[in-house]
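Trainee: I am new to this structure and would like to learn how to read it step by step. Could we begin with the way helices pack, and then turn to domains, cores and a loop?

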Amino acid sequence: MRMIDIIDKKKRGLELSKEELEFFVNGYIKDEIPDYQVSALLMAIYFNGMTEKETTQFTLLVRDSGDVVDLSKIEGIKVDKHSTGGVGDKTTLVLTPIVAALGAKVAKMSGRGLGHTGGTVDKMESIPGMETSLETQKFIDQVNEIGISVIGQTGNLAPADKKLYALRDVTSTVNSIPLIACSIMSKKLAAGSDAIVLDVKTGSGAFMKTLDDAIELATEMVSIGENAGKSTIALITEMDIPLGHNIGNILEVEEAVETLKGHGPKDLEGVSLELAANLVYMANIAKNIDEAREMVKGAIADGSAYNKFLEFVEAQGGDKSYIEDFDKFDKAAIHHEVKVDRDGYVYEMDTEKVGNASVILGAGRETKDDELDFAAGIKLVKKTGDEIKKGDTIAILYTNDEAAVKSAEDLVLEAYSLSDEKPEMEPLVLARVTKDGVTKY
Ligand code: URA
């Protein structure tokens with residue numbers, strides 16, 4: 001077999017066989033196929049796409065390029081959730097204790113912040129003492145004991161994806177739906193859970209800017225998951241507006257805890273509860289999705305989800321007294337209010353710019369080695385749809401870096417579009433994609 005023939009076949013829009021995909025993935029990981037030939041194939045895939053069969057086979061080969069986590073020693077149905085990334089997205093911190101409190105097993109690996117989007121592992125590490133890297137045995141024991149553990153990615157999961165992603169990044173082939181679907185699902189399948197709920201974001205702060213693209217990506221990921229024998233559902237959720245009011249690590253933990261206590265912002269609560277209900281349903285804890293929704297609300301109302309969060313923090317070495325009393329956290333030295341100079345409404349927000357402003361303030365990394373300032377971030381006082389009056393504060397910036405304030409403030413002001421008109425609001429959850437098809441809300 002020759003790589004040039006595989007490139008030529010895909011260039012002509014034909015379906016690659018399992019053997020051809022195997023030759024390419026295995027050859028590339030062993031450094032037997034050069035980057036320039038893989039780049040040509042990626043560009044041919046970008047233009048000509050892949051069939052469902054091809055995408056599934058490709059994903060399974062990428063999954064098998066490294067370790068596949070064995071969670072068989074955990075009793076019960078193991079559930080996982082993945083978000084394609086957003087600003088203010090702290091749903092993992094809200095939904096994992098809810099579903100664990102209801103009896104599902106959460107053995108989850110999460111990521112760090114990437115670009116303008118935050119990451120669960122960074123948020124967890126903002127809680128003093130909280131460990132995010134555990135020995136495999138401890139990870140498994142903790143899930144058996146309390147139903148939940150969330151750690152940073154360990155081991156050598158999908159190394160072929162790491163290599164392919166780095167090449168896609170420099171060959172303008174990142175935003176190809178089959179390549180994104182393969183990249184995300186290879187890692188989710190390697191992480192070993194039985195049921196996966198995918199939160200595919202759409203809007204100005206997301207990878208997929210339109211609903212149609214988000215549905216296409218979700219449909220491909222659901223087919224890959226189901227073809228690999230995992231129960232998989234995707235929700236398409238709104239990322240034209242940051243989720244909740246708080247962006248930044250400690251600020252987001254605080255808002256997640258408020259939501260677990262039943263006092264969270266409606267958008268964060270709505271998305272988190274709907275994701276949680278789907279997981280509860282997939283874990284066979286509820287007979288149908290409506291019953292799952294009721295159970296999820298019940299776990300907030302009776303305090304069991306909040307108590308599970310405290311148990312989770314403690315089990316991973318975190319000091320739960322900080323969760324019980326947020327005043328104990330170190331505060332940012334600078335609190336700067338961003339004000340508007342007109343009346344009207346917030347018409348829309350450029351969510352990516354808000355995320356970038358929080359990175360400038362210290363909540364995210366501009367380079368791989370940057371240290372985070374856990375106290376840094378933004379509280380959005382006004383969001384899309386809110387009425388404003390001249391002189392109102394629309395956002396509060398928190399930082400310990402005085403030099404960052406001006407550029408972060410400029411970016412936040414640029415991110416807000418103001419108007420005399422009140423905008424029409426989109427629903428938060430736009431569609432649900434299962435193996436049986438797409439339901440738009
Ligand atoms: N996230 C991933 O893990 N891979 C992609 O290709 C895009 C987003």
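Mentor: Let us begin with helix axes, which are lines fitted to C-alpha atoms over the stretch in contact, with angles that run from 0 to 180 degrees between N-to-C directions. Please keep in mind throughout that this is a predicted model.

Trainee: At roughly what angle do the axes of helix H1 and helix H2 cross?

Mentor: The axes of helix H1 (residues 3-11) and helix H2 (residues 18-29) cross at roughly 120° and come within 10 Å, which makes H1 oblique to H2. The crossing is left-handed, and the contact is made by Met3, Ile6 and Lys9 on the H1 side and by Glu20, Phe23 and Phe24 on the H2 side.

Trainee: How is H7 oriented relative to H14, roughly parallel or roughly antiparallel?

Mentor: Angles over 145 degrees count as roughly antiparallel. The axes of helix H7 (residues 136-146) and helix H14 (residues 304-315) cross at roughly 155° and come within 12 Å, so H7 is roughly antiparallel to H14. This crossing is right-handed, with Lys138, Gln142 and Ile146 of H7 in contact with Lys308, Glu311, Phe312 and Ala315 of H14 as the two sets that make it.

Trainee: Into which domains is the protein chain divided?

Mentor: The chain is divided into domain 1 (3-49), domain 2 (78-324 + 429-440) and domain 3 (331-419). Between the centres of domain 1 and domain 3, taken over C-alpha atoms, there are 44 Å.

Trainee: How should I read a nonpolar core, and which residues have the most contacts inside the largest one?

Mentor: In soluble globular proteins, nonpolar side chains tend to be buried together. Here the largest nonpolar core has 60 residues, and those with the most contacts inside it are Val79, Ile98, Val99, Val296, Phe309 and Ile323. Helix H12 (residues 266-282) gives the most to this core, with nine residues. The core lies between domain 2 and domain 3, because both give residues to it. Leaving aside neighbours within four places in sequence, Phe309 is in contact with Leu93, Pro97, Ile127, Val257, Leu260 and Ile323. Another core, of 26 residues, lies apart from the largest one and includes Val354, Ala404, Leu411 and Ala415.

Trainee: Where is the place of Asp240?

Mentor: Asp240 is in the loop between strand E5 (231-238) and strand E6 (246-247). Its relative accessibility is 32%, so Asp240 counts as partly exposed. Not counting residues up to four places away in sequence, Asp240 touches Thr202, Gly203, Ser204, Met349 and Thr351.

Methods
Residues numbered from 1 in each chain as written. Predicted model: local features only at pLDDT ≥ 70, side-chain atom pairs only at ≥ 80, totals over all residues. Heavy atoms only, no water. Core = buried A, V, L, I, M, F, W, Y, C linked by side-chain atoms within 4.5 Å. Buried < 20%, exposed > 50% of the residue type's maximum accessible area, 1.4 Å probe, protein only. Helix = DSSP H or I, 4+ residues; strand = E, 2+ residues; numbered from the N terminus. Domains from an automatic or database assignment. Contact = heavy atoms within 4.5 Å. Parallel < 35°, antiparallel > 145°, perpendicular 65-115°, else oblique. Left-handed = near helix turned anticlockwise from the far one by under 90°.
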